[in-house]
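Q: I would like to go through this model with you, starting with the sheet and moving on to the helices. Could you take my questions as they come?

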Amino acid sequence: MSGHYEARLAELGVTLPAAPAPAANYVPYVVTGNTVYVSGQVSSGPDGFIKGRLGDGMTVEQGAEAARACAISLLAQLKAACGGDLDRLVRVVKLVGFVNSTADFTDQPKVINGASDFLVEALGDAGRHARAAVSAPSLPLGVAVEVEGIFQIA
């Protein structure tokens, strides 16, 4: 039987994928005490990586969808860190979002809202968090967005 958070995700039509494996010499998450640090999750979906550059052919709306995909991957990693029990989540503490964007693009916060809005919609008040949204001249594999997260668990 799925827990409270997974039931809410199901209501939103979201099934968490298997937690993505790391692509290099790092671990996907670190648990220390009641804090989980999840490594940056790049934008990907059922059809592969979500690539693009904001301010150069990719819209803010497309970027926000890419950020939402990152948030889903963050939750998949968090579930793995919690031994499969997402209901151990107490709250999302902080997100740091990186947006592949041109030098003159200034709507990084609107792009990362895709992750923030999704987490609040899926998790309620437990999804409210501190945040940074920054520009990057490029991201791994040409993806549009990468988001890392810090979570408090029970």
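Q: In which sense do β5 and β7 pair, and over how many bridges?
A: This is a predicted model. In it, β5 and β7 are antiparallel partners, joined over nine bridges.

Q: Which residue in β7 stands opposite V99?
A: V145 is the residue of β7 that faces V99.

Q: And what is the strand order of the open sheet?
A: The order is β1-β2-β7-β5-β6, five strands with mixed pairing. At the edges are β1 (29–32) and β6, each of which pairs on one side only. On average, neighbouring strands of this sheet are turned by 15° against each other, with direction ignored.

Q: Which strands does α3 lie across?
A: Helix α3 lies across β5, β6 and β7, and it runs at about 160° to β5.

Q: Why does the end-to-end distance of α3 agree with its number of residues?
A: Helix α3 has 16 residues (108–123), and at 1.5 Å a residue these should span 22 Å; the end C-alpha atoms are 23 Å apart, so the two values agree.

Q: Where is the kink in α3 centred?
A: The kink is centred on G114 and amounts to about 35°. G114 is also one of the buried residues of α3.

Q: Which other residues of α3 are buried?
A: Among them are V111, I112, A115, F118, L119 and L123. The cover over the buried residues of α3 includes helices α1 (4–11) and α2 (60–81), together with strands β5 (89–100), β6 (130–136) and β7 (145–153).

Q: What follows α3?
A: The helix is followed by G124, which has a positive phi, near 65°.

Q: Turning to α1, at what angle do its axis and that of α3 cross?
A: They cross at roughly 115°, and the two axes come within 8 Å.

Q: Which residues meet there?
A: From α1, Y5, R8 and L9 meet F118, E121, A122 and L123 of α3. The residues of this contact comprise five nonpolar and two charged, with no polar ones.

Q: A change of topic: is S73 buried or exposed?
A: S73, which is found in helix α2, has a relative accessibility of 6% and therefore counts as buried, the cut-off being under 20%.

Q: What does S73 touch, leaving aside residues up to four places away in sequence?
A: S73 touches P20 and Q41.

Technical notes: Residues numbered from 1 in each chain as written. Predicted model: local features only at pLDDT ≥ 70, side-chain atom pairs only at ≥ 80, totals over all residues. Heavy atoms only, no water. Helix = DSSP H or I, 4+ residues; strand = E, 2+ residues; numbered from the N terminus. Expected span 1.5 Å × (residues − 1). Bend = angle between axes of the 7 residues up to and from the residue. Buried < 20%, exposed > 50% of the residue type's maximum accessible area, 1.4 Å probe, protein only. Contact = heavy atoms within 4.5 Å. Pairing = 2+ DSSP bridges. Axes fitted to C-alpha atoms, helices over the stretch in contact; angles between N-to-C directions. Nonpolar A, V, L, I, M, F, W, Y, C, P; charged D, E, K, R; others polar.
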